[in-house]
Amino acid sequence: MNDQDLERYGRHILLPEVDYDGQQKLLDSHVLVVGLGGLGSPASIYLASSGIGELTLCDFDKVELSNLQRQIVHTEDMLQINKAQSAKSFISSINSNININVVDKKLSENAFDLYVKKNSVDAILDCSDNFQTRYSVNKVAFKNKIPLISGSAIRFEGQLAIFDFRDNSSACYECLFPDNGEENELRCADHGILAPVVGIIGVMQSLEAIKVLLNLNPIKNKLRIFDGKSNEWKTISFKKDKECAICSSSSDHS
Ligand SMILES: [Zn+2]
């Protein structure tokens with residue numbers, strides 16, 4: 001770190017839990033953010049300002065007017081621009097010293113797996129808005145033993161869970177939400193979402209990602225549910241499912 005870095009990250013370095021070495025670790029880390037919508041916006045902004053040295057932003061969608069209500073990384077002059085590109089442009093203006101990669105096309109599960117393998121990713125944030133993507137991201141993160149920080153939000157409610165695949169006893173996303181092939185997901189486009197609720201969950205994802213990178217006891221095998229009406233959090237514990245199609249030792253991962 002040079003003098004400018006020491007000044008920029010000084011308030012982190014003051015924390016004994018982070019210190020010089022921890023900040024250096026963040027600068028040496030590579031975090032991948034899947035989805036640059038309501039969750040990915042605040043998450044990627046905090047990861048960048050915190051000095052995560054390399055970010056990969058994945059989104060194949062374009063910025064629409066209806067996104068601006070909650071997707072705070074995008075601005076009016078970015079309408080119809082790819083979301084990952086738009087996010088990169090905003091984030092670079094906060095921190096021009098980090099590397100930001102853009103994946104602006106929809107990747108197959110295999111292509112995503114290859115990308116992760118090749119680019120030594122340290123943590124993945126699932127900020128997507130559909131089960132198909134969540135299941136794919138879960139499989140790839142599990143296969144490559146990369147911690148997965150998963151968030152979702154609808155109406156006044158948000159959810160957060162961390163699957164730390166560096167630890168073999170960690171459950172996976174499918175242990176918690178098994179893929180029964182049913183398309184029963186609730187979408188913000190149909191049900192609405194109060195803007196700050198995605199902000200709260202996205203910020204929590206960035207917090208837990210930093211804790212994962214610094215080994216500061218990220219929450220484990222717990223689903224945290226936020227109720228924006230009562231402003232209260234509920235915690236549900238869950239365990240690795242021995243029958244899980246993805247992560248159980250009896251399942252075939254080939
Ligand atoms: Zn599982």
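Mentor: Two strands count as paired if DSSP finds at least two bridges between them. Keep in mind that this is a predicted model.

Now take the β3 end, strand by strand. Strand β2 covers residues 54-58 and strand β3 covers residues 99-103. The two run parallel and are joined by five bridges. Glutamate 54 stands opposite asparagine 99 in β3. Strand β1, residues 30-34, also pairs with β2. That pairing is parallel too, over five bridges. Here the bridge partner of histidine 30 is glutamate 54 in β2. As background, strands of a sheet pair through backbone hydrogen bonds, either parallel or antiparallel.

Next, the helix that links two of these strands. β2, helix α5 and β3 form a β-α-β unit, and the unit is right-handed. Helix α5 comprises residues 83-94.

Back to the pairing of β1 and β2 over five bridges.

Helix α4, residues 40-49, is mostly covered. Eight of its ten residues are buried. For burial, the cut-off is 20 or more other C-beta atoms within 10 Å. The buried set is Gly40, Ser41, Pro42, Ala43, Ser44, Ile45, Leu47 and Ala48. These residues pack against β1, β2 and α5. They also pack against β4, residues 123-126, and α10, residues 195-213. So which residue takes a positive phi just after α4? Glycine 51 does, at about 90°.

For contrast, look at aspartate 19. This residue is found in helix α3, residues 19-27. Aspartate 19 counts as partly exposed, because 14 C-beta neighbours lie inside 10 Å. Tyrosine 9 is ten residues from aspartate 19 in sequence. In space the two are 9.7 Å apart, C-alpha to C-alpha.

One helix pair is also worth a look. Helix α6 holds residues 109-118 and helix α7 holds residues 131-143. Their axes come within 10 Å and cross at roughly 35°. The crossing is right-handed. On the α6 side, the contacts come from Glu109, Phe112, Asp113 and Val116. They meet Ser136, Lys139, Val140 and Lys143 in α7. An α-helix has 3.6 residues a turn, so residues three or four places apart point the same way.

Finally, step back to the whole chain. Its secondary structure comes to ten helices and eight strands. The radius of gyration is 18 Å, close to the 18 Å that the globule rule gives for 254 residues, so the chain is as compact as a globular protein of that length. The C-alpha atoms fill a box of roughly 55 × 40 × 40 Å along the principal axes. Buried residues make up 39% of the 254 residues. Of the contacts between residues at least 6 apart in sequence, 67% join residues at least 24 apart.

Notes. Residues are numbered from 1 along each chain as its sequence is written. This is a predicted model: local features need pLDDT of at least 70, side-chain atom pairs count only at pLDDT 80 or more; totals for chains, interfaces and linings use all residues. Helices (H or I, at least four residues) and strands (E, at least two) are DSSP runs, numbered from the N terminus. A residue is buried if 20 or more other C-beta atoms lie within 10 Å of its own, exposed if 12 or fewer, and partly exposed in between; C-beta atoms are placed from the backbone. A crossover is right-handed if, with the strands pointing away from the viewer, the path from the first strand over the helix to the second runs clockwise. The radius of gyration is taken over C-alpha atoms; the globule rule is 2.2 Å times the number of residues to the power 0.38. Two residues are in contact if their C-beta atoms, placed from the backbone, lie within 7 Å. Axes are lines fitted to C-alpha atoms, for helices over the stretch in contact, and angles run from 0 to 180 degrees between N-to-C directions. A crossing is left-handed if the near helix is turned anticlockwise from the far one by less than a right angle, and right-handed if clockwise.
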